[in-house]
Amino acid sequence: MSGELTPRSALENVAGWEEAHIEKLYGGFNNQTYKVTVDGRSAVLKLDSVPRRAPFNTRAVEALIQNSAADAGIAARVLYCSESIYLTEFLAGEVWSGEDLGIPGNLEIVASTLRRLHDLPLTGRGFDAVEASRQYAKVSSRQSRGLTDYCEATIANTPRTPTLRCCHNDLVAGNMLSMPALKFLDWEYACDNDPLFDLATVAEHHQLSSKQTMTLLDSYFLGDGEVWLDPFNDQRRLYGALLWLWMAAQPDRDQDELERVAIRLKQR
(Lines give C-alpha, C1' and ligand atoms only; values in the text may rest on other atoms or scores of the structure.)
Protein backbone atom coordinates (compact mmCIF):
# COMPACT_ATOMS: atom_id res chain seq x y z
CA MET A 1 0.00 0.00 0.00
CA SER A 2 1.43 3.38 -1.00
CA GLY A 3 0.31 7.00 -0.94
CA GLU A 4 -2.19 8.60 1.44
CA LEU A 5 -4.35 6.11 3.33
CA THR A 6 -8.05 6.56 2.55
CA PRO A 7 -11.03 4.43 3.61
CA ARG A 8 -11.17 2.93 0.11
CA SER A 9 -7.46 2.13 -0.07
CA ALA A 10 -7.62 0.67 3.45
CA LEU A 11 -10.49 -1.65 2.56
CA GLU A 12 -8.56 -2.92 -0.44
CA ASN A 13 -6.40 -4.72 2.14
CA VAL A 14 -9.35 -6.48 3.79
CA ALA A 15 -10.75 -9.48 1.95
CA GLY A 16 -14.49 -9.25 1.41
CA TRP A 17 -14.72 -5.55 2.21
CA GLU A 18 -13.12 -4.07 -0.92
CA GLU A 19 -16.44 -2.83 -2.38
CA ALA A 20 -18.08 -1.75 0.88
CA HIS A 21 -20.19 1.40 1.08
CA ILE A 22 -18.40 3.98 3.28
CA GLU A 23 -20.08 6.42 5.65
CA LYS A 24 -18.16 8.91 7.80
CA LEU A 25 -18.80 8.72 11.56
CA TYR A 26 -18.25 11.65 13.89
CA GLY A 27 -17.48 12.04 17.58
CA GLY A 28 -14.09 10.35 18.02
CA PHE A 29 -11.02 12.26 19.18
CA ASN A 30 -8.11 10.09 18.12
CA ASN A 31 -8.74 8.63 14.67
CA GLN A 32 -10.81 8.80 11.50
CA THR A 33 -13.86 6.56 11.88
CA TYR A 34 -16.28 5.18 9.28
CA LYS A 35 -19.20 2.77 9.05
CA VAL A 36 -18.69 0.36 6.16
CA THR A 37 -21.34 -1.96 4.75
CA VAL A 38 -21.23 -4.79 2.21
CA ASP A 39 -23.53 -7.76 1.51
CA GLY A 40 -25.69 -6.98 4.55
CA ARG A 41 -22.72 -6.84 6.91
CA SER A 42 -21.60 -3.66 8.70
CA ALA A 43 -18.37 -2.81 10.45
CA VAL A 44 -16.56 0.15 11.97
CA LEU A 45 -13.34 1.21 10.25
CA LYS A 46 -10.75 3.28 12.09
CA LEU A 47 -7.70 4.75 10.35
CA ASP A 48 -4.57 5.99 12.12
CA SER A 49 -2.23 8.47 10.46
CA VAL A 50 0.69 7.23 12.62
CA PRO A 51 1.19 3.99 14.58
CA ARG A 52 -0.25 3.97 18.10
CA ARG A 53 2.05 4.44 21.09
CA ALA A 54 1.58 4.89 24.85
CA PRO A 55 -0.66 5.77 26.56
CA PHE A 56 -2.63 3.97 23.82
CA ASN A 57 -2.29 0.29 23.06
CA THR A 58 -0.78 -0.68 19.76
CA ARG A 59 -3.62 -1.78 17.51
CA ALA A 60 -2.41 -5.40 17.70
CA VAL A 61 -2.55 -5.40 21.51
CA GLU A 62 -5.90 -3.62 21.47
CA ALA A 63 -7.29 -6.31 19.17
CA LEU A 64 -6.15 -9.11 21.50
CA ILE A 65 -7.80 -7.45 24.50
CA GLN A 66 -10.96 -6.51 22.64
CA ASN A 67 -11.41 -9.99 21.21
CA SER A 68 -11.00 -11.44 24.70
CA ALA A 69 -13.78 -9.07 25.81
CA ALA A 70 -15.84 -10.10 22.78
CA ASP A 71 -15.49 -13.75 23.86
CA ALA A 72 -16.99 -12.64 27.20
CA GLY A 73 -19.88 -10.97 25.39
CA ILE A 74 -19.03 -7.39 26.33
CA ALA A 75 -17.36 -6.00 23.18
CA ALA A 76 -17.48 -6.02 19.39
CA ARG A 77 -15.17 -8.49 17.66
CA VAL A 78 -12.12 -7.21 15.77
CA LEU A 79 -12.23 -8.36 12.14
CA TYR A 80 -8.91 -6.98 10.91
CA CYS A 81 -6.08 -4.86 12.26
CA SER A 82 -2.73 -3.45 11.18
CA GLU A 83 -0.69 -0.48 12.40
CA SER A 84 -3.02 1.90 10.56
CA ILE A 85 -6.26 -0.03 9.92
CA TYR A 86 -8.69 -1.29 12.57
CA LEU A 87 -11.95 -2.98 11.54
CA THR A 88 -14.51 -4.19 14.08
CA GLU A 89 -18.05 -5.47 14.07
CA PHE A 90 -20.69 -2.74 13.95
CA LEU A 91 -22.98 -3.06 16.96
CA ALA A 92 -26.50 -1.80 16.29
CA GLY A 93 -27.66 -0.43 19.62
CA GLU A 94 -28.12 2.67 21.75
CA VAL A 95 -25.00 4.54 22.84
CA TRP A 96 -25.46 5.82 26.38
CA SER A 97 -25.23 9.37 27.64
CA GLY A 98 -24.61 10.52 31.19
CA GLU A 99 -28.36 10.71 31.75
CA ASP A 100 -28.68 6.97 31.15
CA LEU A 101 -26.65 6.31 34.28
CA GLY A 102 -29.51 7.84 36.27
CA ILE A 103 -32.08 5.37 34.94
CA PRO A 104 -32.99 2.89 37.71
CA GLY A 105 -31.12 -0.37 37.27
CA ASN A 106 -28.47 0.92 34.86
CA LEU A 107 -25.70 1.38 37.43
CA GLU A 108 -26.27 -2.19 38.52
CA ILE A 109 -25.88 -3.30 34.88
CA VAL A 110 -22.61 -1.33 34.59
CA ALA A 111 -21.30 -2.95 37.78
CA SER A 112 -22.13 -6.50 36.70
CA THR A 113 -20.59 -5.91 33.25
CA LEU A 114 -17.48 -4.51 34.89
CA ARG A 115 -17.13 -7.65 37.01
CA ARG A 116 -17.10 -9.68 33.80
CA LEU A 117 -14.46 -7.39 32.33
CA HIS A 118 -12.29 -7.57 35.43
CA ASP A 119 -12.42 -11.38 35.32
CA LEU A 120 -10.68 -11.42 31.92
CA PRO A 121 -7.03 -12.56 31.75
CA LEU A 122 -4.38 -9.95 32.49
CA THR A 123 -2.99 -8.23 29.41
CA GLY A 124 0.64 -8.01 30.48
CA ARG A 125 0.73 -4.22 30.10
CA GLY A 126 0.21 -2.04 33.15
CA PHE A 127 -1.52 1.33 33.16
CA ASP A 128 1.17 3.98 33.71
CA ALA A 129 -0.74 7.01 34.99
CA VAL A 130 2.46 8.89 35.82
CA GLU A 131 3.83 8.59 32.28
CA ALA A 132 0.45 9.54 30.81
CA SER A 133 0.37 12.62 33.03
CA ARG A 134 3.85 13.63 31.87
CA GLN A 135 2.82 13.42 28.23
CA TYR A 136 -0.33 15.48 28.78
CA ALA A 137 1.56 17.98 30.98
CA LYS A 138 3.95 18.86 28.15
CA VAL A 139 1.01 20.65 26.57
CA SER A 140 -1.31 21.36 29.51
CA SER A 141 1.36 23.35 31.39
CA ARG A 142 0.78 26.16 28.90
CA GLN A 143 -2.71 26.37 30.36
CA SER A 144 -1.85 26.54 34.09
CA ARG A 145 1.54 25.57 35.48
CA GLY A 146 0.24 25.52 39.03
CA LEU A 147 -2.70 23.24 38.31
CA THR A 148 -0.56 21.05 36.07
CA ASP A 149 1.90 20.56 38.92
CA TYR A 150 -0.97 19.81 41.32
CA CYS A 151 -2.39 17.17 38.99
CA GLU A 152 0.98 15.53 38.41
CA ALA A 153 1.59 15.38 42.17
CA THR A 154 -1.87 13.92 42.79
CA ILE A 155 -1.23 11.19 40.23
CA ALA A 156 2.28 10.43 41.47
CA ASN A 157 1.13 10.14 45.09
CA THR A 158 -1.92 7.94 44.49
CA PRO A 159 -1.42 4.55 46.22
CA ARG A 160 -0.97 1.68 43.79
CA THR A 161 -2.71 -1.62 44.37
CA PRO A 162 -0.84 -4.90 43.88
CA THR A 163 -4.13 -6.46 42.76
CA LEU A 164 -4.42 -5.65 39.07
CA ARG A 165 -7.23 -6.61 36.71
CA CYS A 166 -7.87 -6.19 32.99
CA CYS A 167 -9.51 -2.75 32.86
CA HIS A 168 -11.07 -0.55 30.20
CA ASN A 169 -9.57 2.72 31.55
CA ASP A 170 -11.90 5.03 29.56
CA LEU A 171 -15.31 4.00 30.80
CA VAL A 172 -17.39 7.08 30.03
CA ALA A 173 -21.05 6.77 29.05
CA GLY A 174 -20.25 7.34 25.36
CA ASN A 175 -18.27 4.09 25.45
CA MET A 176 -21.30 2.09 26.67
CA LEU A 177 -23.88 0.65 24.30
CA SER A 178 -27.07 -1.34 24.90
CA MET A 179 -28.27 -3.87 22.33
CA PRO A 180 -30.00 -4.65 24.81
CA ALA A 181 -27.10 -6.32 26.70
CA LEU A 182 -24.46 -3.77 27.67
CA LYS A 183 -21.27 -3.63 25.58
CA PHE A 184 -18.19 -1.48 26.07
CA LEU A 185 -16.68 0.42 23.11
CA ASP A 186 -13.20 1.82 22.32
CA TRP A 187 -10.56 -0.38 23.94
CA GLU A 188 -7.53 1.73 23.01
CA TYR A 189 -6.52 2.40 26.65
CA ALA A 190 -7.40 -1.06 27.99
CA CYS A 191 -4.69 -2.77 30.06
CA ASP A 192 -3.98 -3.96 33.61
CA ASN A 193 -4.97 -1.49 36.32
CA ASP A 194 -6.68 -1.10 39.67
CA PRO A 195 -10.29 -2.18 39.00
CA LEU A 196 -11.45 0.72 41.16
CA PHE A 197 -10.20 3.05 38.42
CA ASP A 198 -12.99 1.93 36.08
CA LEU A 199 -15.58 2.47 38.82
CA ALA A 200 -14.04 5.85 39.68
CA THR A 201 -14.15 6.90 36.02
CA VAL A 202 -17.90 6.26 35.89
CA ALA A 203 -18.50 8.20 39.11
CA GLU A 204 -16.16 11.16 38.59
CA HIS A 205 -16.66 11.76 34.89
CA HIS A 206 -20.44 11.85 35.27
CA GLN A 207 -20.51 13.43 38.74
CA LEU A 208 -22.61 10.72 40.31
CA SER A 209 -24.32 11.64 43.56
CA SER A 210 -23.26 9.98 46.82
CA LYS A 211 -26.31 7.73 46.62
CA GLN A 212 -25.58 6.75 43.01
CA THR A 213 -21.93 6.12 43.86
CA MET A 214 -22.89 3.75 46.67
CA THR A 215 -25.33 1.99 44.35
CA LEU A 216 -22.49 1.42 41.89
CA LEU A 217 -20.05 0.23 44.57
CA ASP A 218 -22.56 -1.96 46.41
CA SER A 219 -23.60 -3.55 43.12
CA TYR A 220 -19.99 -4.26 42.15
CA PHE A 221 -18.91 -5.48 45.62
CA LEU A 222 -22.18 -7.33 46.32
CA GLY A 223 -23.23 -5.11 49.21
CA ASP A 224 -19.76 -4.30 50.60
CA GLY A 225 -19.18 -1.04 48.75
CA GLU A 226 -18.54 1.06 51.87
CA VAL A 227 -15.49 -1.03 52.71
CA TRP A 228 -13.86 0.21 49.50
CA LEU A 229 -14.70 3.93 49.77
CA ASP A 230 -11.23 5.18 50.73
CA PRO A 231 -9.26 3.49 47.91
CA PHE A 232 -12.14 4.29 45.54
CA ASN A 233 -11.86 7.99 46.39
CA ASP A 234 -8.09 7.81 45.77
CA GLN A 235 -8.82 6.52 42.26
CA ARG A 236 -11.52 9.14 41.79
CA ARG A 237 -8.99 11.92 42.49
CA LEU A 238 -6.51 10.21 40.18
CA TYR A 239 -9.05 10.13 37.35
CA GLY A 240 -10.01 13.77 37.93
CA ALA A 241 -6.38 14.84 37.68
CA LEU A 242 -5.81 12.82 34.51
CA LEU A 243 -9.01 14.22 33.01
CA TRP A 244 -7.92 17.82 33.60
CA LEU A 245 -4.48 17.20 32.11
CA TRP A 246 -5.99 15.44 29.09
CA MET A 247 -8.55 18.19 28.51
CA ALA A 248 -5.93 20.93 28.91
CA ALA A 249 -3.77 19.20 26.29
CA GLN A 250 -6.53 19.28 23.65
CA PRO A 251 -6.15 22.06 21.05
CA ASP A 252 -9.91 22.72 20.95
CA ARG A 253 -10.54 22.43 24.69
CA ASP A 254 -13.74 23.87 26.18
CA GLN A 255 -12.54 26.51 28.64
CA ASP A 256 -15.75 26.47 30.69
CA GLU A 257 -15.64 22.70 31.11
CA LEU A 258 -11.92 22.85 31.91
CA GLU A 259 -12.66 25.33 34.69
CA ARG A 260 -15.45 23.15 36.09
CA VAL A 261 -13.08 20.18 36.28
CA ALA A 262 -10.46 22.40 37.95
CA ILE A 263 -12.98 23.53 40.58
CA ARG A 264 -13.91 19.94 41.37
CA LEU A 265 -10.22 19.04 41.71
CA LYS A 266 -9.66 21.85 44.21
CA GLN A 267 -12.70 20.75 46.22
CA ARG A 268 -11.33 17.23 46.56
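Me: In this predicted model, which strands does helix H2 lie across, and how does helix H2 run relative to S4?
Reply: Helix H2, residues 59-71, lies across S3, S4 and strand S5 (85-89). The angle between helix H2 and S4 is about 170°.

Me: What makes S1 and S4 edge strands?
Reply: The open sheet has 5 strands in the order S1-S2-S3-S5-S4, with antiparallel pairing. Strand S1 (21-25) and strand S4 (78-81) each pair on one side only. From one strand to the next, the twist averages 25°.

Me: How do you know that S2 and S3 pair?
Reply: Pairing requires at least two bridges. Strand S2 (residues 32-38) and strand S3 (residues 41-47) have 7 bridges, in the antiparallel sense, so they count as a pair. The bridge partner of Val36 in S3 is Ala43.

Me: Why is Thr213 called buried?
Reply: The cut-off for buried is under 20% relative accessible area. Thr213 has 4%, so Thr213 is buried. Thr213 lies in helix H7 (residues 210-220). Leaving aside neighbours within four places in sequence, Thr213 is in contact with Ala203, Leu208, Phe232 and Arg236.

Me: How do you know that the buried residues of H7 line one face of the helix?
Reply: Those residues are Thr213, Leu216, Leu217, Ser219 and Tyr220. Seen down the axis of H7, they fall within an arc of 165°, so they line one face. They pack against helix H3 (106-118), helix H6 (195-205) and helix H8 (229-248). On the other side of H7, Ser210 and Lys211 are exposed.

Definitions and conventions
Residues are numbered from 1 along each chain as its sequence is written. This is a predicted model: local features need pLDDT of at least 70, side-chain atom pairs count only at pLDDT 80 or more; totals for chains, interfaces and linings use all residues. Side-chain values use heavy atoms; hydrogens and water are left out. Helices (H or I, at least four residues) and strands (E, at least two) are DSSP runs, numbered from the N terminus. Buried means under 20% relative accessible area, exposed over 50%, partly exposed in between (1.4 Å probe, protein chains only). Contact means heavy atoms within 4.5 Å. The arc is that of the directions from the helix axis to the C-beta atoms. Axes are lines fitted to C-alpha atoms, for helices over the stretch in contact, and angles run from 0 to 180 degrees between N-to-C directions.
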